[in-house]
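Dear colleague,

I am passing on the structure below, together with some notes on what turned up in it. Please read the notes with the structure open beside them.

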Amino acid sequence: MRETLEKIKAEALEALSAPSANIEDLRIKYLGKKGELTAVLRGMGKLSAEERPVIGQLANDIRAEIEAKIEAMTAERHAREIEEKLEAERLDVTIPGYKIAQGHFHPLTLVQRQLEEIFLGMGYSIVEGPEVELDYYNFQALNIPKDHPARDTQDTFYITENILLRSQTSPVQARTMEKQKPPIKVLSPGRVYRSDAVDATHSPLFHQVEGLVVDKGITMGDLKGTLEMFAKTMFGEETKIRFRPHHFPFTEPSAEVDVSCFVCGGKGCRLCKGEGWIEILGAGMVHPNVLRMCGIDPEVYSGFAFGMGVERIAMLKYRIDDMRHLYENDVRFLNQF
Ligand code: PHE
């Protein structure tokens with residue numbers, strides 16, 4: 001019996017030592033109610049009185065030893081599992097984090113905001129007008145009656161005979177003057193539409209910013225000073241401006257305004273096409289007819305207005321050679337801003 005017990009012990013300890021051992025199965029096999037050790041103990045009745053306590057003691061010792069081995073193996077396995085898990089889920093907190101791509105404003109938005117900023121700084125308020133506009137505001141209230149040839153240069157998209165997509169932001173002048181009495185000092189950015197074919201410098205949808213100032217004693221000098229301030233802030237301190245006579249039906253006198261080329265300083269280069277000057281906007285003194293139609297007495301008040309294309313300013317400022325880049329949303333282009 002002693003040999004049987006020793007044999008069970010040796011077998012059990014060896015089986016438990018195997019790394020792949022199923023510990024619970026082995027516990028049942030050796031120590032369970034129907035286990036090998038229990039079976040031996042059941043046979044103890046056949047032993048002599050002297051032998052019984054000795055074998056009993058031995059059997060208990062062996063049971064204790066197997067139990068200890070089971071406990072040790074379980075602990076070891078548990079420790080190994082934790083270690084494996086730690087290894088598998090290892091986290092290196094020193095690895096630099098992934099950079100989350102952050103969006104940013106579109107170049108047109110950047111320029112529009114900068115324009116707003118400049119004029120807000122001069123005390124202007126921002127106002128908006130509808131893109132779907134009445135013929136009355138887009139043309140008639142701006143001294144462009146039906147059949148006026150000035151309409152031809154701003155051919156646009158008609159919705160009905162009297163409703164159209166505005167071809168300029170100038171209708172906001174009339175809308176503002178109807179609602180608000182002088183002093184008026186507003187800037188109005190927004191989309192405008194013209195039935196132009198798409199090319200490097202044209203788009204049927206583009207953006208303008210309109211400025212309007214009306215008060216007592218406003219002169220062309222105020223217009224010049226304002227535009228000079230704007231040009232220097234936008235294109236650099238050395239920038240000069242030049243007024244060329246022009247015609248707009250809603251301003252009198254009217255001018256096209258150029259800035260000295262901010263690349264060559266006026267000497268002539270590729271950007272200014274050898275001219276030394278770059279046209280950037282249209283402007284003039286608000287026509288008395290326009291003031292009158294909006295209920296403002298031209299004998300008491302005067303004003304100036306100007307309008308510029310946001311795309312044009314953006315293209316000059318960032319040296320963009322094709323307007324289509326501004327609408328195609330190619331990230332290789334947009335990422336540069
Ligand atoms: N609305 C004119 C244009 O689109 C520009 C302009 C605005 C001219 C205000 C004079 C005064 O060409």
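To begin with a helix, R27 and E24 both belong to α2 (residues 23-31), where they stand three residues apart, about one turn of the helix. Please bear in mind throughout that this is a predicted model. The side chains of R27 and E24 meet in a salt bridge, with 2.9 Å from N to O. R27 is partly exposed, its relative accessible area being 34%, and E24 is likewise partly exposed, at 40%.

A second pair within a helix is found in α4 (residues 51-88), which holds both E67 and R63, four residues apart and again about one turn of the helix. Their salt bridge has its closest N and O atoms 3.6 Å apart. E67 is partly exposed with a relative accessible area of 37%, and R63 is partly exposed with 24%.

The salt bridge between the side chains of R175 and E133, at 2.7 Å from N to O, links two separate elements: R175 lies in helix α7 (residues 171-179) and E133 in strand β2 (residues 132-134), so this pair ties together parts that are 42 residues apart in sequence. R175 is partly exposed, with a relative accessible area of 22%, whereas E133, at 1% relative accessibility, counts as buried because the cut-off for that class is under 20%. Over the whole structure, the search finds 14 salt bridges.

Turning to the strands, there is an open sheet of seven, in the order β1-β4-β5-β9-β8-β7-β6 and with mixed pairing. Its edge strands, each of which pairs on one side only, are β1 (125-126) and β6 (241-248). Within this sheet, β7 (residues 251-260) and β8 (residues 277-286) run antiparallel and are joined by eight bridges; T251, for instance, has V286 in β8 as its bridge partner.

Finally, there is a question of surface charge: which residues form the negative surface patch? The patch is made up of D152, D155, D196 and D199. Of these, D196 is placed in the loop between β4 (184-193) and β5 (205-215), and D196 is partly exposed, with a relative accessible area of 31%.

Technical notes: Residues numbered from 1 in each chain as written. Predicted model: local features only at pLDDT ≥ 70, side-chain atom pairs only at ≥ 80, totals over all residues. Heavy atoms only, no water. Patch = residues over 30% accessible without salt bridge, like charges linked within 9 Å, V, L, I, M, F, W, Y side chains within 5 Å. Areas by Shrake-Rupley, 256 points an atom, 1.4 Å probe, with all protein chains shown as cover. Salt bridge = Lys/Arg side-chain N within 4 Å of Asp/Glu carboxyl O. Lys, Arg positive; Asp, Glu negative; His and termini not counted. Charge placed at Lys NZ, Arg CZ, Asp CG, Glu CD. Buried < 20%, exposed > 50% of the residue type's maximum accessible area, 1.4 Å probe, protein only. Pairing = 2+ DSSP bridges.
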